[in-house]
Amino acid sequence: MRDEIVGRGTKVFAAAPVRGEWRRLEDPDDVLELMDTSANGIVACVTDAGATFLAPVFDDLTAVVCLSGTPVSHIGIVSREYRIPCIMGATLDAEPADGDRVEVDCSGDDGLLRFADG
């Protein structure tokens, strides 16, 4: 089922669900590649809660899913300042492939990740 929860973590702040295109960003080269196209509509997945390499595209992202850290980690603080929905310390049951449409839902007690249609 496409609306099943595939990831869960700690939301940084309460935010309505947003949808975008999943993109795993491992290092600055991934961000540079994204800068050549566009970060608009991207749900960025990062492993490092201190990933400062996101700075050039942060304000264009739709959401961030971080596989480590807490809301007081660098990514959490910056996402709150930019009002970009963010899930910290996320555990994924199934990782979406780059380009998959996903929904990040920070409206409940936990931050949730789902596959999204359209």
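Reader: Where does proline 71 lie?

Author: Proline 71 is in the loop between E4 and H2. Helices (H or I, at least four residues) and strands (E, at least two) are DSSP runs, numbered from the N terminus. Before we go on: this is a predicted model, where local features need pLDDT of at least 70, side-chain atom pairs count only at pLDDT 80 or more, and totals for chains, interfaces and linings use all residues. Residues are numbered from 1 along each chain as its sequence is written, and side-chain values use heavy atoms, with hydrogens and water left out.

Reader: Which residues is proline 71 in contact with, leaving aside neighbours within four places in sequence?

Author: Thr10, Lys11, Val12, Gly76, Ile77, Arg80 and Met88. Contact means heavy atoms within 4.5 Å.

Reader: What about serine 73, buried or exposed?

Author: Serine 73 is buried, because its relative accessible area is 16%. The cut-offs: buried is under 20% relative accessible area, exposed is over 50%, and partly exposed is in between (1.4 Å probe, protein chains only). Serine 73 belongs to the loop between E4 and H2. Leaving aside neighbours within four places in sequence, serine 73 is in contact with Ala49 and Met88.

Reader: On to the helix. Which residues of H2 are buried?

Author: Ile75, Gly76, Val78 and Ser79. The buried residues of H2 pack against E4 and E5.

Reader: In what sense do E4 and E5 pair?

Author: Parallel, over two bridges. Strands pair if DSSP finds at least two bridges between them. Valine 64 has cysteine 86 in E5 as its bridge partner.

Reader: And strand E1 with E5, parallel or antiparallel?

Author: Antiparallel, over four bridges, with E1 covering residues 5-11. Glycine 7 is opposite leucine 92 in E5.

Reader: New topic, the core. Which residues in the largest nonpolar core touch the most other members?

Author: Leu25, Leu54, Leu61, Val64, Ile75 and Val104, out of 37 residues in that core. Here a nonpolar core is a set of buried Ala, Val, Leu, Ile, Met, Phe, Trp, Tyr and Cys residues joined through side-chain atoms within 4.5 Å. The elements that each supply at least two residues of this core include strand E2 (15-24), helix H1 (28-36) and strand E7 (111-115). E3 gives the largest share, five residues.

Reader: What is valine 104 in contact with, again leaving aside neighbours within four places?

Author: Ala16, Pro17, Val18, Val43, Ala63, Val65, Pro85, Ile87, Leu112 and Leu113. In soluble globular proteins, nonpolar side chains tend to be buried together.

Reader: Where is aspartate 105, and is it buried or exposed?

Author: Aspartate 105 is in strand E6, residues 101-106. Aspartate 105 counts as buried because its relative accessibility is 9%.

Reader: What joins the side chains of aspartate 105 and arginine 114?

Author: A polar contact of 3.1 Å. That is a pair of N or O atoms within 3.5 Å; within protein, one must be able to donate a hydrogen and the other to accept it, and residues adjacent in sequence count only if both atoms are side-chain atoms.

Reader: How many aromatic pairs does the structure hold?

Author: One. The rings of phenylalanine 58 and tyrosine 82 have centres 5.6 Å apart and planes at 35 degrees, so the pair is tilted. Rings of Phe, Tyr and Trp (its six-membered ring) pair if their centres lie within 6.5 Å; planes under 30 degrees apart count as stacked, over 60 as edge-to-face, and the rest as tilted.

Reader: Last one. What does the charged end of arginine 83 sit over?

Author: The ring of phenylalanine 13, 4.0 Å from its centre. The test is NZ of Lys or CZ of Arg within 6 Å of the ring centre and within 35 degrees of the ring normal. Arginine 83 is in the loop between H2 and E5. Its phi is positive, about 60 degrees, just after H2.
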